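The sequence and model are shown below.

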Amino acid sequence: MKIAHIITRLIIGGAQENTLHTVEDHLTDYGDDVTLITGPTTGPEGSLMDRARASGCRLIEVDPLRRSISPKHEWLAYRELKCVLRELKPDIVHTHSSKAGILGRKAAAAVRLLCVHTIHGAAFHYGQHPLLYRTYRRAERMAVPWTDHYISVADAMTEQYLAAGIGRPEQYTTVYSGFDVEPFLQEPVHRDELRREWGLTDEHVVIGKIGRLFPLKGHDALIAVAAEVIRECSQVRFLFVGDGILREQYENQIRSLGLEQHFVFTGLVPPAEIPRLLQGMDIVAHTSQWEGLARVLPQGLIARKPVVSFDIDGAREVVIPNETGCLIPRNDFPALSQALIELARSPERREQFGSTGRDRFTDRFRHQTMSREIREVYEQVLTEKAAS
């Protein structure tokens, strides 16, 4: 099969890692001809360009394809994407992310190519400026005729898009965002070593938050409840894994609360380090304001860590109350505090939730499962086209 993926940028992030796993698996497991088209990777989030180059795919960088909104860049990117796709003539174009999703689908339609789009997270979402929300929703509606099929990383994404009048139910397939589960299944041999690196001991209960230090990622929610949690459980320490534009602001907030001894910042870490870092945690917290289905949730569970998450988007599809963790109404800080305190006090519940999560989700989130199911969507789209 000849496949062309289009994504806005290859930063370190769930959508990007999802896409690279798909590219790698389709190259190695199926012998497909795969091209990955991306804009320039800029910003403090880190880059996956080296991994993309090492995959063996055809890698094309379209310079005007930028995350920031610019009519001039949009037009130039659209024109260049059309030229690239016209030359490649892939069987399937597969688009990812908001900007590349719109421009890529429009370009594919212009040169009469079949196109699949993955919804990693809704383009229009909670916390957006109302004008942006309306603009992206209108753009997604406009893109329906250019989209042969949608892949959702969670059932919640399908429900949100259908509720917004985007597409028909039969156009959607849920394929959970897979990853390499094997490192998360390893025995926790690095726990003591990590605790020493962080200046902690085995008596501390470590609540870990993995994600970019960016708006809407929810680190501020944990800072807001930290004093109460620590008052009830003095052995609790908060671990922020990742970096971003809000780090200095968060460090200042923590310092003003007199809690700097209770927080550890790792800074930017490569994705391959996440399984090892999870070994040093006791609880995984996910307090983002929106996200399709954060991969840190199944990753934490497969590493046998209980999860506490706001009830956003696809979180409820893996965070099962009283089975794998605690599901909290978004921004319900008293409920968040209580959940963290209860788990911090109960190693037995932490073990129970983590073990149940590992049993339920290990196979579901293997990247090989994801790549096979995505390829089945391609085959369905091609079959339907041939029959029409």
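Contact here means heavy atoms within 4.5 Å. Helices (H or I, at least four residues) and strands (E, at least two) are DSSP runs, numbered from the N terminus. Helix 6 itself spans residues 155-163, and A156, M157, T158 and Y161 are buried in it. A residue is called buried under 20% relative accessible area, exposed over 50% and partly exposed in between, with a 1.4 Å probe and protein chains only. Just after helix 6, G165 has a positive phi of about 80°.

## Basis of the values

The model is predicted, so local features need pLDDT of at least 70 and side-chain atom pairs count only at pLDDT 80 or more, while totals for chains, interfaces and linings use all residues. Residues are numbered from 1 along each chain as its sequence is written, and side-chain values use heavy atoms, with hydrogens and water left out.

## Overall dimensions and surface

The chain contains 14 helices and 13 strands. Along the principal axes, the C-alpha atoms fill a box of roughly 65 × 40 × 40 Å.

Of the 388 residues, 58% are buried. Among contacts between residues at least 6 apart in sequence, 70% join residues at least 24 apart. The accessible surface is about 16100 Å², and carbon and sulfur atoms account for 49% of that surface; the areas come from the Shrake-Rupley method with a 1.4 Å probe, and for residues only the protein chains shown count as cover. The chain has 47 positive and 51 negative charges, whose mean positions are 7 Å apart. Lys and Arg count as positive and Asp and Glu as negative, without His and the chain ends; each charge is placed at NZ of Lys, CZ of Arg, CG of Asp or CD of Glu.

## Aromatic pairs

A search of the whole structure gives twelve aromatic pairs. One of them joins F124 and Y133 edge-to-face, at 5.6 Å centre to centre and 80° between the planes. Rings of Phe, Tyr and Trp (its six-membered ring) pair if their centres lie within 6.5 Å; planes under 30 degrees apart count as stacked, over 60 as edge-to-face and the rest as tilted. F124 counts as buried because its relative accessibility is 4%, whereas Y133, at 29%, counts as partly exposed.

F361 and F365 form another edge-to-face pair, with 6.1 Å between centres and 70° between planes. Both of these residues are buried. Ring pairs also link F124, Y133, Y150, Y161 and Y172 into a cluster. Y161 of this cluster is among the buried residues of helix 6.

Most residues other than glycine have a negative phi. L216 is not a glycine, yet its phi is near 75°. L216 sits in the loop between strand 8 (205-210) and helix 8 (219-232), and is partly exposed because its relative accessibility is 29%.

R304, also not a glycine, has a positive phi of about 70°. The loop that holds R304 runs between helix 11 (296-302) and strand 12 (307-310). With a relative accessible area of 32%, R304 is partly exposed.

## Three further residues

F240 belongs to strand 9 (residues 236-241) and is buried, with a relative accessible area of 0%. Leaving aside neighbours within four places in sequence, F240 is in contact with K209, H219, L222, I223, F263, V264, F265 and T266. F240 and H219 are 21 residues apart in sequence and 8.0 Å apart in space, C-alpha to C-alpha.

E74 is placed in helix 3 (residues 71-88) and counts as buried at 16% relative accessibility. Not counting residues up to four places away in sequence, E74 touches S68, I69, K99 and L103. Q249 lies in helix 9 (residues 247-256) and is partly exposed at 44% relative accessibility. From Q249 to G101 the separation is 148 residues in sequence and 32 Å in space, C-alpha to C-alpha.
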